[in-house]
Protein chains: 6
Amino acid sequence: MPKKVAAFGEVMMRLQVPGYELLTQADTLKYSFSGTGVNIVSALARFGHNGYLVTTLPANPLGDAAVAYLRKLGVAQDFIRRDGKYVGLYFLENGFGARPSRVTYTNRLESSFNTAPAGAYDWEAIAEGLDAVHFCGITLAMNDTVRGHMVELARAVKRKGGLVVFDCNYRPTLWGEDGYAKAKPHYIEMLRLADLAMMNEKDAIHILGMETSRTVRRDQLEELIPAVADTYGIAAIAGTHRAILGDGTHALQGFLYENRQFAFSGTLTFAVYDRIGAGDAYASGILHGALTGMPSGRTVEFAAAAAMLAHTVQGDTPMSSEAEIVRAMTETAGDIER
Amino acid sequence: MPKKVAAFGEVMMRLQVPGYELLTQADTLKYSFSGTGVNIVSALARFGHNGYLVTTLPANPLGDAAVAYLRKLGVAQDFIRRDGKYVGLYFLENGFGARPSRVTYTNRLESSFNTAPAGAYDWEAIAEGLDAVHFCGITLAMNDTVRGHMVELARAVKRKGGLVVFDCNYRPTLWGEDGYAKAKPHYIEMLRLADLAMMNEKDAIHILGMETSRTVRRDQLEELIPAVADTYGIAAIAGTHRAILGDGTHALQGFLYENRQFAFSGTLTFAVYDRIGAGDAYASGILHGALTGMPSGRTVEFAAAAAMLAHTVQGDTPMSSEAEIVRAMTETAGDIER
Amino acid sequence: MPKKVAAFGEVMMRLQVPGYELLTQADTLKYSFSGTGVNIVSALARFGHNGYLVTTLPANPLGDAAVAYLRKLGVAQDFIRRDGKYVGLYFLENGFGARPSRVTYTNRLESSFNTAPAGAYDWEAIAEGLDAVHFCGITLAMNDTVRGHMVELARAVKRKGGLVVFDCNYRPTLWGEDGYAKAKPHYIEMLRLADLAMMNEKDAIHILGMETSRTVRRDQLEELIPAVADTYGIAAIAGTHRAILGDGTHALQGFLYENRQFAFSGTLTFAVYDRIGAGDAYASGILHGALTGMPSGRTVEFAAAAAMLAHTVQGDTPMSSEAEIVRAMTETAGDIER
Amino acid sequence: MPKKVAAFGEVMMRLQVPGYELLTQADTLKYSFSGTGVNIVSALARFGHNGYLVTTLPANPLGDAAVAYLRKLGVAQDFIRRDGKYVGLYFLENGFGARPSRVTYTNRLESSFNTAPAGAYDWEAIAEGLDAVHFCGITLAMNDTVRGHMVELARAVKRKGGLVVFDCNYRPTLWGEDGYAKAKPHYIEMLRLADLAMMNEKDAIHILGMETSRTVRRDQLEELIPAVADTYGIAAIAGTHRAILGDGTHALQGFLYENRQFAFSGTLTFAVYDRIGAGDAYASGILHGALTGMPSGRTVEFAAAAAMLAHTVQGDTPMSSEAEIVRAMTETAGDIER
Amino acid sequence: MPKKVAAFGEVMMRLQVPGYELLTQADTLKYSFSGTGVNIVSALARFGHNGYLVTTLPANPLGDAAVAYLRKLGVAQDFIRRDGKYVGLYFLENGFGARPSRVTYTNRLESSFNTAPAGAYDWEAIAEGLDAVHFCGITLAMNDTVRGHMVELARAVKRKGGLVVFDCNYRPTLWGEDGYAKAKPHYIEMLRLADLAMMNEKDAIHILGMETSRTVRRDQLEELIPAVADTYGIAAIAGTHRAILGDGTHALQGFLYENRQFAFSGTLTFAVYDRIGAGDAYASGILHGALTGMPSGRTVEFAAAAAMLAHTVQGDTPMSSEAEIVRAMTETAGDIER
Amino acid sequence: MPKKVAAFGEVMMRLQVPGYELLTQADTLKYSFSGTGVNIVSALARFGHNGYLVTTLPANPLGDAAVAYLRKLGVAQDFIRRDGKYVGLYFLENGFGARPSRVTYTNRLESSFNTAPAGAYDWEAIAEGLDAVHFCGITLAMNDTVRGHMVELARAVKRKGGLVVFDCNYRPTLWGEDGYAKAKPHYIEMLRLADLAMMNEKDAIHILGMETSRTVRRDQLEELIPAVADTYGIAAIAGTHRAILGDGTHALQGFLYENRQFAFSGTLTFAVYDRIGAGDAYASGILHGALTGMPSGRTVEFAAAAAMLAHTVQGDTPMSSEAEIVRAMTETAGDIER
């Protein structure tokens, strides 16, 4: 039976230089709309759930375009407010080989989402009947009002028995100098509310200030993640380890810690077409497993395969169906499908 | 001999939906960089002068792209500061026939230009040797710091004997409610500093609150413009009357009032490809006439032809050479040039 | 209060050669999805109603693309079946001036919609709570099973008190030789079920075989339309007269006959960007008037303005909001909106 | 029965800036291959004849692309030599309204065609069985070797009983200073060989130095064209009068003088999409009439309609079938064909 | 001396989403026309032979575009019938890495080719003077009338002494359930007519139901292919073994069994740009070897190199010249050619 | 402190088929302007120096487009003459894997640059205050007048104390048969004038006719380069060794011989997006090191990293800033920059 899942987060316009030109060289941009919340709930809609986005967009042609785009992705619009004046934007120049991709943001702090005042949303109505709600560390970095929204919605969902999911998603440039110190209390507040957290040992060390004498990442993970779960009372924690190999392919391994046990996916190695949003595909796979009662081992394999496929698709937003992910879990890359 | 002309103003990124789709329908944008100041000094550079832009752009890939674009247009970069974080943007959806074009702005108040603090520019160095400097009413609408920059630069140029040009360019959406009342003292301050003003009788009535019993536009113009010149001590005032005809073509007539005399161009009727920036082409034609000592009658014909051609060119920025404008003044539209 | 409106009809893929090249010259196509039903219910959704499409699309990547496109347009998907194998397609080469546009169809008779068997749809569930349902003469031309669907749905809606709308939309190529004779009984069956019909005097003469001694179109209309209303028991009949003028602009006048009275819109003259689907914009305007209780005169002006704007927009599907249509009813074409 | 027709001429690469940008603004070009000969024989192939091009193209990727393009147009390749090093190129910037189109050539004198030496072609083999051969004044402007080719081929065809067609097509920039004087002897040589000439009274006056006291174009035409036919022994002469109207549409009237009688087409008025090559469409219509024995009146109407349609098609090369031209002769511009 | 070769087969329109977007994401398609027969005879035309396609296309704009495209490829049109109503189409979404390409067909059974009735083609005229004719297992899957065409043409060519080539090309989705059983008698019929067959051991096992106790592919091949040749009286059999390697490159080895001897190419390893049609490039290489009397060893190397290059070219149709293939046989990939 | 550097060389228009189609398949080209001199001085401008190009371009729309493009790249225009008639052009078809890229030139010998007569440039003015001037072996291949320009400018710069840089850049197709013999005296003349030469052991062997008994490239280099430096009195010689690896990546090692010592960079291995112009990036890195007094070891690492990054950028012209190159020297390829 399909579940009802919401995400709270900003919708941003992605303006991408096609091909491998720089902004200085080109004169054309492809645009789309995305955001962690968009990626999560549209992926869950693709898996058959009802995905709602809780956000605010302006009532102007940019807001109209964003809303139409979200509709196309299958995102339900019941909780999309139309207010404020601006949509956050970012520009993407694709890297190639030794040259990294570049992301340039415009001022997102003035966006409709980030200026929605306290009291703007009706938390009780949104939380009613929700099976799960998703939050993200990017949103947490915005401002106090937005952080207030997050806490209120998390509490409302918790009260009504829904699952609270929090993806740490720490972005250094958003927190500025002394970022970890600034971020820590807010992360702790969200982790205490979370039933399922997306993070790995680096978040534990850097944001939460935990210490370990181990030097191998896997050892650090196995020591720190259970400690995080205990400290903050989190039922399940999931995340990935990624490595970029010499030939440009990526290697990715997922983990899921629940019921005091780790499950690990195989290490997937694959070519990358569009890196952005792949972490959200992983999170949506974990959440789908949780919502449908998959065993941990299958959940983590499903999530890793979902993440792998998200690297092969244009745009931030995962586009794979459950059937495509299941097939990618079992088959090797083959010839044309016809 | 080429003159040295500067304009003070913001550089904006123009993001245009190609063809006639709406933002909701398309997924591609063409981008360029423009602004009244850009349009004026690049047009003057095309006429053989040295055109400087006095502005601030961020030291990031968007700023780099803007600067490269300005270089391509022939704008000298000696007075372009690199500071702050953002570039102002606007989105353009082309209208067709009965459906008007739509412009949607993002938050330009946070742009590098609009956040450059008092003291950021070295006015003495900029004013040194300038033959003329150009300001625009759009810039005047930004904030007090920017208005402070305008007055300081205008005074510095005046002190050193350069010509101060002010284009009223009143944009209702920038001044908000009670806009005319808010704008009036700032306009008066700039008009008192101006040697050459770009405006027409509507500006006199609405911004300056002048009154007339005449009902025909031409009569109002002939009554009010000399009064403005007298009141504020402005040596020359120029502007246009535009009408949009039933078949979608535009009719444009320019005027130039100097030495207590009006000169009028013929009324040009023409098809329109890209409306934005055509007013700046007119202003640059007037300024070119002033800088090179053309008689009033020729200046106004030259400026009107420059404006007409600017409607036939892609983008905000005039692209016609002096030779092309002179030919358009004398010839009727012909067959292919080969 | 928003109404619940459904349309029964096929979704076709439109494959358009960009610009003015022929299929023989180009190598690129723009695609979108449309159909009379799509156009009607998406326009009504844009006016604030809940628009449902009753159709069948295949469960393959083309069907997925169609469904996502419909979602983007705001069409509710509750009654979209996924079954069968094919999507109907048509190719469009834009005409220019003396050269007419060309439409080339592929075999739509094998499409999912046209092969959905009797019993495929749950008419009772669909009709429940509907305020209106829309049918079109194009659909009527398909085959007996499809005609059976139409009659069953129309009867179910009628039983439950909803409004039945039928747009004659006669397409000669779909009925083949002796088309009018073949079509007549089916049209009569639908007209007897209709509360609101879209047609003009030509349909009365050619399809229904009615005769008139008048020679002026307006006179024929005023004689025959009331007769049609009486004969088939239709509460309201609406339609347009269109003329293509020498300079390529179109002139359009709408009429609405209800309560034994004609209302006529003014004759609108306008430049045309994309002709296809403009008739559906007119029909959706009439239906919006009916659903919201507008007086006849306003309804017909609203519908005519909606049709005019639909000619200025890319694609088959009307894209104008109610506010934009109302503004077009009152204003003359103006300068840029900013 | 299809006829066998050849044209002797250069194939050029056309590099067109898409839309209305200038070379300075854009970064993309559309390319195609054309030339008077290409246009003529491909049009005749479209009318059902066998069209041969006699030309030389280099054996490199540009030559391969040109040859493939000609094949696509239906041009037979039996007489296309592959030799030399270069393809002539021209750049096209589309004008808009008051701004004329601009054509910029590269150095065509070094092209494979213009450097093919005397003796390069086998004239007897080419002339064998030809019903007609076409030459053009553009080719005549190239160099003495090319002019030698023209005369030899014209003589060979004449000897074998084929029709010699010469289109005056005078291009001032190709002949340079004192162009008319330089050109005159070469034109006279070709006109003496011609059975059918394409020209009008301006060619008679400027190239041939004929004089007239009439001042009205039509009168000059009716005086001078019979004189040309007599002087040079030309059986038939055809041409057009074109006017560019105030609203940008063109008005075109064709004439055909044969058997000492003038036939005139109606004056066609139409919107123009791509002007280049329309004269060749007219010439191919005249030639088609001559080859199939149409009466003069029908020939000239057919040719004028062919020219009109050629203005509505992308590229230099006429794309209309005989059926489309015949329909354009009889119908007014209508709605969509479907 | 060039040979005269025909292929019997359908021309399909390929509609490809550019780049790596899905149909659901994009709005643009690139189109071309292809088919096994098209690929074979155009490749042979590129090698200097005269290549004829025996097919049927509709007399509408899609058929015109297909025919022009075939002309561009150098395919002779003497045996292309214009009849029926539809062109078969397929949509292609490019895969990337772990995500496979997807092909979606429209209803090809209604195409002009697949509805051409018995007696539509003049087999005697077509077979006259042919050196070889090519058939493909895809065509064999269509319907009984098409299979009847194949057998009649094969017999006619055999009677007149031409070579009959049959490429097994088994496509599971075309034969449906119990496909191998349904297909077997038709394959046997064609193999009995064939002088040269394209297949490998998998076809022998699955279609022909042959058995082997070997487990290594190469061993199976060496056992079964000679048995097939003996059983059905086939003079030569050729095919490939392909492996997709971990880094996404493909490894390909060709074989040719004739005169009771196997020749094998080296195993080529290469990056793949466009996989579709590469098998046809191999077949055309084998056929070119047969037509020009190459020794087996050189033929199989030539064919393998042709197949490798076909993977590097946009579209289904091989584009390499004989010289380019020969160079690829001898050189390693190098730097820019200039 | 920024240095003043000039390059003498031709500006060519690059016309590139987008993606991987051939000229025969596509219909669109991307254009840009480049040349060794352009690449060198624009890279140095990007490093903060003042870069001048000494060249001639026609006063037509192609020349205007080239000049605007150079301005965008930051090239100073003081020494760009506008004269002559043509711009040299080349067409680029991108290779893929086993299929090499193809470059097709048009006739550059007639270009404005190659027809500028003796005395056209004011060498004294150009040489005044120059810190360095750059020449290239491609230019040396043009004609005697151009070679005369080179020698005159080199001498003028030498006289005034500037550095003379000569890049051997031998292109076989430009010198034709017996190319090395023809080229040798001209190369010797330039090497005698050079303070810094770009070359490797192959140039010494093939152009200068030097001999070595060594067989390993590195050994040959270490023997011959010091001998070249001694023989011709060159203070510093730099160059690269490149290998194309089996998986298509390139390996590149740079060297710099100065003060009788070799410095070698590490061997960089990287994926290649656009190969053209990467050698110029290397040269500009060496020159930047020379101008700013970097130690040899750092210069050669900087130049190699600049060359590596130039392979990842669209177009001939290096686009990396000094900061980006320094980062590439120290970091491994990472994830997205945001």
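Student: Where is F:Tyr187 placed?

Tutor: F:Tyr187 lies in helix H8 (residues 179-193) of chain F; helices (H or I, at least four residues) and strands (E, at least two) are DSSP runs, numbered from the N terminus. This is a predicted model, in which local features need pLDDT of at least 70, side-chain atom pairs count only at pLDDT 80 or more, and totals for chains, interfaces and linings use all residues. Residues are numbered from 1 along each chain as its sequence is written, while chains are lettered from A and ligands numbered from 1 in the order in which they are written.

Student: Is F:Tyr187 buried or exposed?

Tutor: F:Tyr187 is buried, because 21 other C-beta atoms lie within 10 Å. The cut-offs are 20 or more other C-beta atoms within 10 Å of a residue's own for buried, 12 or fewer for exposed, and partly exposed in between, with C-beta atoms placed from the backbone.

Student: Which residues does F:Tyr187 touch?

Tutor: Leaving aside residues up to four places away in sequence, F:Tyr187 touches F:Gly137, F:Leu140, F:Cys168, F:Ile207 and F:Leu208. Contact here requires C-beta atoms, placed from the backbone, within 7 Å. F:Leu57, by comparison, is 130 residues from F:Tyr187 in sequence and 26 Å away in space, C-alpha to C-alpha.

Student: Next, the helices of chain D. How do H11 and H12 of chain D cross?

Tutor: The axes of H11 (residues 278-292) and H12 (residues 296-310) of chain D come within 7 Å and cross at roughly 150°. H11(D) is therefore roughly antiparallel to H12(D), a label for angles over 145 degrees. Axes are lines fitted to C-alpha atoms, for helices over the stretch in contact, and angles run from 0 to 180 degrees between N-to-C directions.

Student: Which residues of H11(D) and H12(D) meet?

Tutor: From H11(D), those involved include D:Ala278, D:Tyr282 and D:Gly289, and from H12(D) they include D:Arg298, D:Phe302 and D:Ala310. The residues of this contact divide into 10 nonpolar, 4 polar and 1 charged. In that scheme Ala, Val, Leu, Ile, Met, Phe, Trp, Tyr, Cys and Pro count as nonpolar, Asp, Glu, Lys and Arg as charged, and the others, Gly among them, as polar.

Student: What about E:Ala310; which helix holds it?

Tutor: E:Ala310 is in helix H12 (residues 296-310) of chain E. E:Ala310 is buried, with 31 other C-beta atoms within 10 Å. Not counting residues up to four places away in sequence, E:Ala310 touches E:Gly277, E:Ala278, E:Ala281 and E:Pro318.

Student: Turning to interfaces, how many residues do chain D and chain F bring to their contact?

Tutor: Chain D and chain F contribute 24 residues each. On the chain D side, strand E3 (28-34), helix H2 (61-73), strand E6 (88-93) and strand E7 (102-105) each supply at least two residues. That side divides into 11 nonpolar, 7 polar and 6 charged residues.

Student: And how many residues of chain B contact chain F?

Tutor: There, 4 residues of chain B are in contact with 4 residues of chain F. The chain B side comprises 1 nonpolar, 1 polar and 2 charged residues.

Student: One last topic: what is the phi of A:Asn169?

Tutor: A:Asn169 has a positive phi of about 40°, although it is not a glycine. A:Asn169 sits in the loop between strand E9 (163-167) and helix H7 (172-175) of chain A, and counts as buried because it has 20 C-beta neighbours inside 10 Å.

Technical notes. Two residues are in contact if their C-beta atoms, placed from the backbone, lie within 7 Å. Angles under 35 degrees count as roughly parallel, over 145 as roughly antiparallel, 65 to 115 as roughly perpendicular and the rest as oblique.
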